[in-house]
Amino acid sequence: MTLSRRALLGAAALPLACASALPRSASAQGAGDFPSRTVRLVVPFAPGGAVDITGRLLAEQLQPLLGQTVVVDNRGGAGGNIGADAVARAEKDGHTLLLGSATILAANKFLYRRSMPIDPLRDLAPVTRVVTGTVLLVVNAQRPWKTFQELVAAAKARPGEITMGSSGTGSVSHLTLSAVNRAAGVDITHVPYRGGGPAIQDLLAGNIDMMFDVIPALLPHVREGRFRALAVGSAERVTYVPELKDVPGMKELLPASKLDAQSWYAVTVPSGTPPERIAVLHERLLAVVRSDGFREKLQPLGFAPVWDATPDDFARYWRDQELVWRELVEASGATLD
C-alpha cells in the first residue's frame, strides 16, 4: 500500500536506537564470524508500502547490531511469491532474509493452489514475527453512515449495492470483507483493484463506498477527515493509535464471528540455514523490535511490535495461522490461479 509522504519521511528519519553493540551470546559465539558479509533483507513488494517501510526500519536498526551492511531488496510480484521463492532458493547461510506477510506465509498456498512455487512452512525457516496490525474499515466521509451498525442496516436494505474496494482478490481486505458479509448477513459487493492505491483514489472520489485495508494506508485520510473509520478487523480495539481508540473491534460488533483479522509480518530464512545463525538473527531482531525507537516509529502508522521468544514458538504460531488463513480463503471462494 502507498503511504503518505509524511509517513515515509518519518520512517526514513528513524534513529539508530540500537547502535550500541550487544554482548555476544553463546549461540552467537557458536556461529563463528557470522555475518561475514552484506545481509540482504528481501521485501516481496514494491517500495513505498507498509511492508517496505517496516523492512527499512528493521534494516537501519539491524545494521549496527550485526556489524554488516543490511540492504533492502524489493522483489515484488505474484502476491509476494516471487520474493519468497527467491529467498527459499538462496544460500542457506543466514545472509538472505525474507520479511514476509501473513498472506505470503500462511494464505498464498491456498490462493495459488497450482502455481505457488514453494511451500512456505517447508521451504522457509522461522526466525520471529516483528510487527502486527489489523485492517481498518473506512467509508467516504460524504456517505451518511456514522457507525458500523448503520452501514450494516443499509447493506441489508440494499443487497449488493454498497461497494467495497480492495487491493486485489485474496488480499487481507477481501478476506475480511468476506468474513464480515457472512457474519453480518449482508451482501456488500467486492471490487478488486490492482493495488491499494487505485482503490483509495476511487474511495476518495466517491466511486466506491467503503474499504478494509491496513491502517498505515488509510490513517492519513482519516486524520484529514476524508474517510470515516467505523471498525477495525481485529477482535479488540486499537488503543495505541489515538485517532482509533474509540473505533470498535469485531468482538464488540460481531462477537459470534470470532473474527480477528491480524496482519503480521515475520522474518524467515531458507530452510536448512544453520540453527546457530538463526539464533544470532533472532537475538538481534528481538533487540530491535523490543526497542523504544522501533515502537515509537511504528505506532503512529497503526502497527505494533511483536516477537516470539524462540524460533520454535514462531513455528507453532505459524502452523496455527495457516489453518486460520486456509479457512478464510476457502470460505471466501477466492483463487488466484
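## Salt bridges and a helix pair

At 53% relative accessibility, Lys251 counts as exposed, where exposed means over 50% relative accessible area, buried under 20% and partly exposed in between (1.4 Å probe, protein chains only). Do keep in mind that this is a predicted model, in which local features need pLDDT of at least 70 and side-chain atom pairs count only at pLDDT 80 or more, while totals for chains, interfaces and linings use all residues. Residues are numbered from 1 along each chain as its sequence is written, and side-chain values use heavy atoms, with hydrogens and water left out.

Lys251 has a partner: its side chain meets that of Glu236 in a salt bridge, at 3.4 Å from N to O. The term stands for a side-chain nitrogen of Lys or Arg within 4 Å of a carboxyl oxygen of Asp or Glu. This pair links distant parts of the chain, 15 residues apart, with Glu236 in the loop between strand S9 (227–232) and helix H11 (250–253), and Lys251 in helix H11. Helices (H or I, at least four residues) and strands (E, at least two) are DSSP runs, numbered from the N terminus. Glu236 has a relative accessible area of 47% and is therefore partly exposed.

Searching the whole structure gives 22 salt bridges. Here are some of them, side by side:

| Salt bridge | N to O distance |
|---|---|
| Arg122 and Asp123 | 2.8 Å |
| Glu161 and Arg158 | 3.2 Å |
| Glu236 and Lys251 | 3.4 Å |

Arg158, the partner of Glu161, is partly exposed, with a relative accessible area of 33%. Elsewhere, salt bridges link Arg37, Glu91 and Asp93 in a network.

Now to the helices. Two packed helices are described by the angle between their axes and the distance between the axes. Helix H3 (residues 50–66) packs with helix H12 (residues 275–289) at an angle of about 125 degrees, the axes being 9 Å apart. H3 and H12 are therefore oblique to each other, since angles under 35 degrees count as roughly parallel, over 145 as roughly antiparallel, 65 to 115 as roughly perpendicular and the rest as oblique.

Where do H3 and H12 meet? Leu58, Gln61, Leu62, Leu65 and Leu66 in H3 are in contact (heavy atoms within 4.5 Å) with H12 residues including Val280, Leu281, Arg284 and Leu285.

Definitions and conventions:
Axes fitted to C-alpha atoms, helices over the stretch in contact; angles between N-to-C directions.
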